[in-house]
Amino acid sequence: MLRSLWTAASGMIGQQYHIDTIANNLANVNTTGFKKNRADFEDLIYQTIRTAGTPATEITLVPVGIQVGHGVKVAATQKIYEQGSLQNTNNVADIAIAGEGFFRILQYNGTYAYTRDGAFQIDSTGQLVTANGYKVLPEVKLPKDFIRESLSISQEGVVTVKIPGLDDPIEVAQIEIYRFPNPVGLQAIGQNLFIPSNASGEAIANRPGYNGNGKLIHRFLEMSNVQAVQEMVNMIVAQRAYEMNSKAIQTSDTMLGIANNLKR
Amino acid sequence: MIRGMYTAGSGMMALQHRMDTIANNLANVDTSGYKYDDSIFKAFPELLLRRMGDDGMLSFFVRQRKIGSIDKTPVIGTLGTGVAQNEVFTVFEQGEFKQTDSHFDVALAGKGFFTVETPYGLRYTRNGSFHIDPSGILVTKEGYPVLGENGYVKIKKNNFIVDEDGKIFVNNEYTKDPQRLVAMEENQWKQTVFLDRFRIIQVEEPRYLRKQGSSLWKVTEHSGPARVINEQERPKVLQRFLEGSNVNPVTEMVRMIEVNRNYESNQKVIQSEDQSTSQLLERVLRV
């Protein structure tokens, strides 16, 4: 059958992925710590119909071959780690990272995951956990009878709290943040969590605020970095590209119809 | 049998090939650094038609004596025998620039290609959507290292700047310790040093470069070997930009309509040849 049918179909599939990415970005326009995705495309392999350099006549060679492309593929969906804007929440367990880095989370299966979503909770044992109940590492364990409103986290990650009967706040923990040589290589696993991969490199633990690490901003949350206008423009582009490819399929179909009509 | 049928058939087949090219262009309407293809047709060799058994002389005789002659040419003329696809020609027009959020994105403004090292040899690309691998080497999306003039380019996120000449600068304060990662805000560029320059190449005849897929091109014996581009031809390198595809959707749509209609007219030719044959069989040769 016509090659162009499949070529155009690959274009439509590619644009579907593009729309999927955009839809996911838009759906997460209000998700804490969400980082937008970008779909990148590359052309597919080329089929050689005639090789360059084969003899055309006894004394001449064919200088240019005939190569027909087979369409397009999604090469990568890349996370864009731009800083999201910070929103004041006044919640004592909320922390935002301003700058580079991730919090480390201990999942139920015992492996580490990383997140920029600092909407934490304090559980019944005084432990700092995520909204899903995963422990924040290094562990932040608050004393039993702490005064909730006195909890304070410095930009450098020092957690202090007051307990009744003592005038001075006591230091209970040091929050660390983790960075990767190539954060784009992290794998998103949902629930605002990322896990390292071979491409991202190993996590490097750091104190917040030093050596270019992000600072912790207590009682703030980092908003999603999705920009609605940009996504809308991308959506228009993707939809029109989808439409164009569908026209190529229609044309191929008409051509096949014409060919079929040869036989009356 | 009837020549016109095969001629029109060759037209339909060639147009199918052109449609394949158009579909590929449209599929890559959003592919960074893609250059559109144009399919070029050639006419089949022409036939010289000549009447059979005719020497071309008409002589006049009076009582078996030749008194004169006129020259009536036995040559009828030439006849085309159709069309074939001759070449797929890549048009290296500049694509438009799209601003991006990634510092690893670079675009070329002007002629030339980035050099990429693959396990199969050196390849060339205009798709500047790069990344780094865990050790900090600049790679393409397939993970092939992008070459500078001195080999691999080893950089860190937020610690490199590309100027318009394609020179890569790093801040030497942060280059020593691999564990030391850098943030955008803290980098004061106090010890800016020249690291390397993108190896941008050109070939004698870019027309004969061969597309490999994954936005890569390969040199062929007709394109000539890749050489580092002359200083005066060197393209501008734009950081945080990507070069869009140079496919013009309007042109492709118009060409698609053209293909469609040409295909249809070729079909009509076959149909009328068919019709005349059937008339011949039904009416003239009725016994």
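Mentor: Before we start, a salt bridge is a side-chain nitrogen of Lys or Arg within 4 Å of a carboxyl oxygen of Asp or Glu. This is a predicted model, in which local features need pLDDT of at least 70 and side-chain atom pairs count only at pLDDT 80 or more, while totals for chains, interfaces and linings use all residues. Residues are numbered from 1 along each chain as its sequence is written, chains are lettered from A in the order in which they are written, and side-chain values use heavy atoms, with hydrogens and water left out.

Trainee: How many salt bridges does the structure hold over all chains?

Mentor: Side chains of opposite charge can pair when their charged atoms come close. Counted over all chains, the structure holds 31 salt bridges.

Trainee: How many salt bridges are there between chain B and chain A?

Mentor: One example joins the side chains of A:E100 and B:K157, with N to O at 3.9 Å. The count between chain B and chain A is 6 salt bridges.

Trainee: What is the area buried between chain B and chain A?

Mentor: Contact, meaning heavy atoms within 4.5 Å, takes in 67 residues from chain B and 72 residues from chain A. Buried area is the accessible area (1.4 Å probe) that two parts lose on being put together, summed over both. Carbon and sulfur atoms give 57% of this area, and the whole is about 5,500 Å².

Trainee: Is A:D40, which meets A:R38 in a salt bridge, buried or exposed?

Mentor: The side chains of A:R38 and A:D40 meet at 3.1 Å, N to O. Buried means under 20% relative accessible area, exposed over 50%, and partly exposed in between (1.4 Å probe, protein chains only). A:R38 has a relative accessible area of 16% and is buried, while A:D40, at 6% relative accessibility, also counts as buried.

Trainee: Which residue forms a salt bridge with B:R207?

Mentor: Helices (H or I, at least four residues) and strands (E, at least two) are DSSP runs, numbered from the N terminus. The pair links distant parts of the chain, 120 residues apart, with B:R207 in the loop between β18 (200-202) and β19 of chain B and its partner in strand β6 of chain B. B:R207 is partly exposed, with a relative accessible area of 32%. The closest N and O atoms are 2.8 Å apart, and the partner of B:R207 is B:E87.
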